[in-house]
Structures are given as C-alpha cells and as structure tokens.
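Colleague: I have a model open and would like to learn how to read its features. Could you walk me through a few of them?

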Amino acid sequence: MKKKLMQRNNSHVATIRKKTFWEKVRDNRTLLLMCLPAISFFIIFAYCPMPGAYIAFTDFNYKSGIFGSKFVGFDNFKFLIQSGSLWQLTRNTILYNIAFIVLGNMLQIFVAILLNEVKNKLFKKVAQTIMFLPYFISAVLIGLLAFNVLNYDFGFMNSIIKFFGGDPIKVYSMPMAWPIIIVIVNLWQQTGYGSIVYFASICGIDSSIIEAAEVDGANIIQRIRYIILPSLKPTAIILFLFAIGGIMKGNFGLFYNLVGSSNSLLFPTTDIIETYVYRTLMNNFNFANSAAVGLYQSVFGFILVMVCNWIVKKIDEEYALF
C-alpha cells in the first residue's frame, strides 16, 4: 500500500515538474496581467535604454550617433579617476545617503513609537497629518525657503543677527555647514512619511502580548525594548536593503534647489553624482563623461545591493530580499 502511495506521489510530482513555461503562464495569467503595467514600465524605461550605456565607451559625436562614434574604451573613466571627480562624487553620495538612511530610520522609529504611546486619538491624527505634509512640499519651494532664511543680505537668520548687533554669516560660502543643513532638511521632509510604515508595523503587533507585559509589571521602556523594537526588526531590515539599492542615487531635486549648480565653493561637500551629470550635460554638453559616471553609479549600486543581500542572507535568510 505504501509503495502505491509513493508511486502516486512521485508521478504527481513528475507531472508538476513537466509543466511547460506557457502552461505556467496560462495558470498564472491573472497575476501576470495585474503585473503587466509594472513589467511594461521597467522594460520601456529601464531595459530598453540600456544599449545607450555604450556612450560611456565612446568619444561621442552628434553626427555619427551612438554606435557610429569612435570607441575609446575606458578613457572616459580614466579621465574621471585621474581628475579626482569620481572619488569626490562617490564619497559625497554615499556619505549623504548613509546619513539619510541611518539617522532617518532611527528618527522614524522614534517618532512611530512616540505616536503609538499617545492615547489621545485626535492629537495622534493631527500630529501625523502635520508631520506628513513636508513630504509633499516641492523641492523648489524648500530651496526658496532655505534661501530666504540663509541669504546673506536679507535672510531671516542674518536679519536677526544684525538686529542684535552681530556680523552676518555667509552660509553660501561655507562648505562645511552644508552637510548639516542638507541632512536636517532631508530628515524634516522624510521623517513623517517614513514613520507611517513603522507605525503600521507597530499596530500589527498582537495587543495581547503588550497587555500581558503590562500585567507582569513591565514599564513603557521595557515594553518598547523587549516587544516593540524586536517586532520592528524585519521591517527595518527590509527598508534598509531597499535603501541600500539607492545608496548611489542622490536626491537631485533637494541638492539642486538648496545649493544650485554653479556655486563651485560648495562642490567639495555638496556635489553628488546627479548634480555632476546635470552640470556636465547642461554646461559642457559632455555626454560621454556623463554616461560613464551614470554607468559607474549603476554597476556600483548593483554590486552593493548583491553584497548586502548576501550578508543578510548569511545572518538570517528570512530577512533577505532573494
């Protein structure tokens, strides 16, 4: 009897494995149809433009076109490395994104926990709405507000300093001040939105566990440390891995509107890959160098994601992306 059952199971497994690709497509046609818009988007805007990366290996000429231009190998990358621009751009982009990811997630978790401990529902909803609003403010408006606060001649900050008899500060000539300003502005804009994800995760925690901890005499700090924070670990890791995927991608709108593209005094601490690519295209019309930096950015980011995912998979396979 057992042999017959085993034979049936084996034949059933063999039948499943023999399904062709088109049979699988037919069986999952509804799910595939739902995914079709997203698949089409990535094919059109991510995969179809990929052959254009060939520009990075050419001395691009408008008349000859992409594939008719002279092939120069890695000369464009060599120029960027020798000029020091590649190292500076990579350093600035990665350091800013590390600050955004680490400080941003810490602050978002902190705000989500605070909101969870608020008992007044009306206050909680109003607070969430107020913190969520900066996310929808345009980067252009943020740049305008910053300029009106920091401007040397008529900025709000310098007007107060002058009123009390002090000397105005030339913020737009101080490279070391801008990393702090950019990080603070980014946190102000992103914290409200990011805290919603963590707050939703906290709401998903079984309330009976927290109630049992309260009955056992656990105070707020203990409940946060031993129940809430461990429950947020999977969400934090997944968000961290997603953020690592964009660690080589800067927030162009924020940097461009806060700093601009022509203030060379601030380039050592504020110039990132996106602003460099924009400047080389708009000012110098150098497509080859821009493409070289863009290709470097994509390849480096891909490798970084794969390495981080491999490390997480080694530590705990459940938290890995794939």
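**A surface patch and a helix pair**

Modeller: Happy to! Keep in mind that this is a predicted model.

Colleague: Which helix gives the most to the nonpolar patch?

Modeller: That is helix α15, residues 287-315, with 8 residues. Phe302, for one, is found in α15.

Colleague: Now for helix packing. At what angle do α7 and α8 pack?

Modeller: The general idea is that angles under 35 degrees count as roughly parallel. Here, helix α7 (residues 139-150) and helix α8 (residues 156-163) pack at about 15°, and their axes are 4 Å apart. The two helices are therefore roughly parallel to each other.

Colleague: Which residues make the contact?

Modeller: From α7 they are Asn148, Val149 and Leu150, and from α8 they are Phe156, Met157 and Asn158. Sorted by class, this contact has 4 nonpolar and 2 polar residues, with no charged ones.

Colleague: And where does Phe154 lie?

Modeller: Phe154 sits in the loop between α7 and α8. Leaving aside residues up to four places away in sequence, Phe154 touches Phe147, Asn148 and Ser159. Asn148 is also one of the α7 residues in the helix contact.

Colleague: How many residues apart in sequence are Phe154 and Tyr193, and what is the spacing in space?

Modeller: Phe154 and Tyr193 are 39 residues apart in sequence, and C-alpha to C-alpha they are 32 Å apart in space.

Terms used:
Residues numbered from 1 in each chain as written. Predicted model: local features only at pLDDT ≥ 70, side-chain atom pairs only at ≥ 80, totals over all residues. Heavy atoms only, no water. Axes fitted to C-alpha atoms, helices over the stretch in contact; angles between N-to-C directions. Parallel < 35°, antiparallel > 145°, perpendicular 65-115°, else oblique. Contact = heavy atoms within 4.5 Å. Nonpolar A, V, L, I, M, F, W, Y, C, P; charged D, E, K, R; others polar.
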